[in-house]
Amino acid sequence: MEKKDLVKFTKEELLDLAKNLKIIGRYAYTKEELVDKIIKKYRALHRGERTKVTREKKLPKIIEKVKRVITRGRKKKIEETPVVIREERKIEERPPRPYWEAPVEPLQAMPQPQKEEVSVAVAPREEQFVFPRAYGDTKIVLLVRDPWWLHAYWEINREKEMELRQTLGEDLYRRSKHILRVYDITDIDFDGTNAHSYFDIEITGGADNWYIDVGKPNRTWCVDLGLLIPERKFLLICRSNIVRTPRFGMSEITDEEWMSFEEDYWKLFGVAGGFGLGSSPLQVKRAFKRRFREEISSGAPWSLFSFMEKKKERRFWLVVNTELIVYGATEPDAKVTVQGKPIKLRNDGTFTLRFALPDGTQHIPVEAISADGIDKRKITPIVSRRTE
Amino acid sequence: MKEKGYLALILHAHLPFVRHPEYEDFLEERWLFEAITETYIPLINVFERLLEEKIDFSLTLSLTPTLASMLLDPLLQQKYLRHLEKLIELADKEVTRTRWQEDFHQLALMYHHRFTNARLVFAEKWKRNLVSAFRKFQEAGKLEIITCAGTHAYLPLALHRQAVRAQVKVGVTLHQELFGVRPKGIWLPECGYNPGDDEILKEEGIKYFIMDTHGILFGSPRPKYGVYAPCYCKSGVAAFGRDMESSKSVWSSIEGYPGDYNYREFYRDIGYDLDYEYIRPYINPDGTRVNTGIKYYRITGKTEDKLPYIPSWATAKAAEHAGNFMFNREKQVEYLYSIMHPRKPIVVSPYDAELFGHWWFEGPQWLDFLIRKINFDQKTIKLLTPGKYLEIYPKNQKLTPSMSSWGWKGYSEVWLEGSNDWIYRHLHKATERMTELARENNTPHLDGLKRRALNQMARELMLAQSSDWAFILKTGTFTSYAWRRIRDHIARFTYLYEQVKGKYIDENWLRSVEEKDNLFPNIDYRIYAD
């Protein structure tokens, strides 16, 4: 392979070739560097003669083009040991955790694309993408699910883990437990020590996320991910963002300008909640919790669901129907009526009609008149259906 | 006599962005097609007639940026017409096939008429651009169109302000491009509100948003008028709370109007009922039976033996239900006015637009009757938009609403549970990466290719954030498409991120992605830089 041949290619074509030669870091190189790397790699492959022909698929055009040039350069040798180009299709070394895998149900409605995608050979493929388990960070993120529950997810990167092992020593590290320390920091400028209270959750099963039952609406929360070391010492790994659970219930605070009385509040509440006019506060409170379980908004059976062809469950059932096909042929330019209604003929003069056939007797006069109006033919099938 | 209060009917029209140029036919693209035929066109027809007959109305419509983008996409418009042609062909065959069954025959004729009318409205009348139809009603002063977060992201779980801001900015910008004005209001996806998000709305000049009942009722200080008057958040943006009583009568599949036995049964579709060979050309190309939209039965009762649908009975019911709804609102408003006067209450009733017509076939008729009855049969209530209510009553109580959503159980559980909680790790990381690159490249003079890559990253991130995917994952069935969408967008985002970082952008591939996920053509990645 000659340098002067390669420099004629565009950078994209070179990247193509580089990809097939598995040159790592190729995107970062300049064109010159790429050419050098390709030549080097190519020669290395040849010298070793450790390659076999495993080219299973027809190569994309661009590779063919490159190959032709290469062949021109070192024809004989090429024929003995062509470049190894393996399809880069890593198949499933997926970890056992389920969430990043496609759902098990068969992928319905996904026929093969009809046209080839642009530059299919080089382009990254979405199908090959695997959601990373972690991004190399050390962090914990807190989300609010509802007035009583939080959700946390986290990751600890390798450096941090190494650091912890070193600090504690292998033995102590192993005897320590990963925990979440959940702080109630309502109205506090939290410095790690001044929370109203906290509780610990031991993380089990190598989990990387957790639902936390804080059980208290209208409070502010922060969570530390850390190690609980024997002798009850806590070693912080990372601290979460701060969140607040929403209030659940009437605010005790009233506003002078917009004074409102509790009685009026519940009156209006009763209407708003759809519990009728003038319901009592107790009724309203009880009914209100219930109403959250009703599907009267997003998630109602008709929302996006209804587009997804979700069918009702049925018990065992049987349906039988009959249909009748009436077909025939005549001169292509003839005029044909069936039961007095004109029908369209196909170009060759044939026709087909399909009827749902209910119980009873049907007379089906079919009449054809020639284009010049001279000839006339009429045939009348009579069909009856009876159901027992 | 003057009215005693107001009714704000709000239709939330939304579908996630589904567009697959790489496939000839794609099952999920039918969501849009069905909604156009069954909801958007019937609603446009109702509004059009009211306008012609000079009957006043005042409604609010949130048209989400993803839906608007799809309605304006030439490829989807083309595909829709093809879909509609097939439907007309099928309806034509049905007219013949049902000749010996009078009930069905009449219905086949009705569908044939509806579909040909849809073609007329879509192709001839509006030249494929239904957004311009809605714009016309807004300009006529009958419709207040509000915007929504860019891709309908569930904002309380967005974590980063940048993500919320970008979603809001994209919605507002697109609205301005399409309607020539800034939106007065915004529909927060799933009514998901998190205290503080209103500050971002304020930055974009938004005057109000809609939230669920308990968001206001549990607000602090205690709301004097409950949900029957708006409240100003700290930022000065107004929050309108949903009225549950009026919601229930329409929403609930059991107690609500749509469950009436005379109404059309949604689940009996000829796509499932008819002989396979006959229906084969009109269902999914892979041979799976799907809904065609032609349905011949009425709900009938709690039975599987459904009886034929009789349009005139259903119409009579729709009129009756409209009368009932109006009567209940009159009573409600009188009661509220007795507590609140001299302030006139506003009853806010939001519904998903696709309920009308798609699920509740008679919904558009009901709406038509309701508007007419309100005009002619009573004087207690008047239709009004939230924007206009704020003009009448600019002074309102200040409070901090409570975090809430209109999802099942009222908070975030629908979008944050075992089946879908894993997505946030990736969405949040992508937001951080987007912010990082936006800040590194915060200049208007960026080289073309890199700018394109960064803009596309913003599109991919936003598409991954659509609340619809998390919602579908939660439903537990038909999850593969949603999973695939999240994977594809995160994958495209990640590859682009690596390419921008690696200083080599694969232009061919970028172009292919731009062609697929082509919404928000004027997006500017620097919305993430703030």
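Residues are numbered from 1 along each chain as its sequence is written, and chains are lettered from A, and ligands numbered from 1, in the order in which they are written. In this predicted model, local features need pLDDT of at least 70 and side-chain atom pairs count only at pLDDT 80 or more, while totals for chains, interfaces and linings use all residues.

**View 1. Confidence in the two chains.**
The model scores ipTM 0.94 and pTM 0.85. pLDDT is the predictor's confidence in each residue, from 0 to 100. Chain B averages 96, with 99% of the residues at 70 or above. Chain A averages 77, and 66% of the residues score at least 70. In chain A, residues 48-98 have a pLDDT below 50; this stretch makes 40 contacts in the model beyond near neighbours in sequence. Residues 104-121 of chain A are also below 50, with 30 contacts beyond near neighbours. A contact means that the C-beta atoms of two residues, placed from the backbone, lie within 7 Å. Where pLDDT is low, predicted coordinates should not be read in detail.

Domain 1 gives 21 residues to the contact and domain 2 gives 19. On the domain 1 side, α2 (65-71) and α6 (161-179) of chain B are the elements that give two or more residues. α6(B) supplies the largest share, nine residues. By type, the domain 1 side has nine nonpolar, eight polar and four charged residues. Here Ala, Val, Leu, Ile, Met, Phe, Trp, Tyr, Cys and Pro count as nonpolar, Asp, Glu, Lys and Arg as charged, and the others, Gly among them, as polar.

Helices (H or I, at least four residues) and strands (E, at least two) are DSSP runs, numbered from the N terminus. β7(B) spans residues 238-241. B:Ala238 and B:Phe240 point one way, B:Ala239 and B:Gly241 the other, and all are buried. Buried means 20 or more other C-beta atoms within 10 Å of the residue's own, with C-beta atoms placed from the backbone. Strands pair if DSSP finds at least two bridges between them. β5 (208-211) of chain B pairs with β7(B) in the parallel sense over four bridges. B:Ile210 stands opposite B:Phe240. β6 (231-232) of chain B runs antiparallel to β7(B), joined by two bridges. B:Cys231 has B:Ala239 as its bridge partner. β6(B) and β7(B) form a hairpin with five residues between them. In the turn, B:Gly236 has a positive phi of about 95°.

**View 2. A four-stranded sheet in chain A.**
Chain A holds nine helices and 16 strands. Of its 388 residues, 20% count as buried. The open sheet shown has the order β11-β10-β14-β15, with antiparallel pairing. β11 (341-343) and β15 (376-379) are the edge strands, each pairing on one side only. Neighbouring strands are turned by 25° against each other on average, direction ignored. Four bridges join β10 (335-338) of chain A to the antiparallel β14 (366-369). There, A:Lys335 has A:Ile369 as its bridge partner.

Conventions:
A residue is buried if 20 or more other C-beta atoms lie within 10 Å of its own, exposed if 12 or fewer, and partly exposed in between; C-beta atoms are placed from the backbone. Axes are lines fitted to C-alpha atoms, for helices over the stretch in contact, and angles run from 0 to 180 degrees between N-to-C directions.
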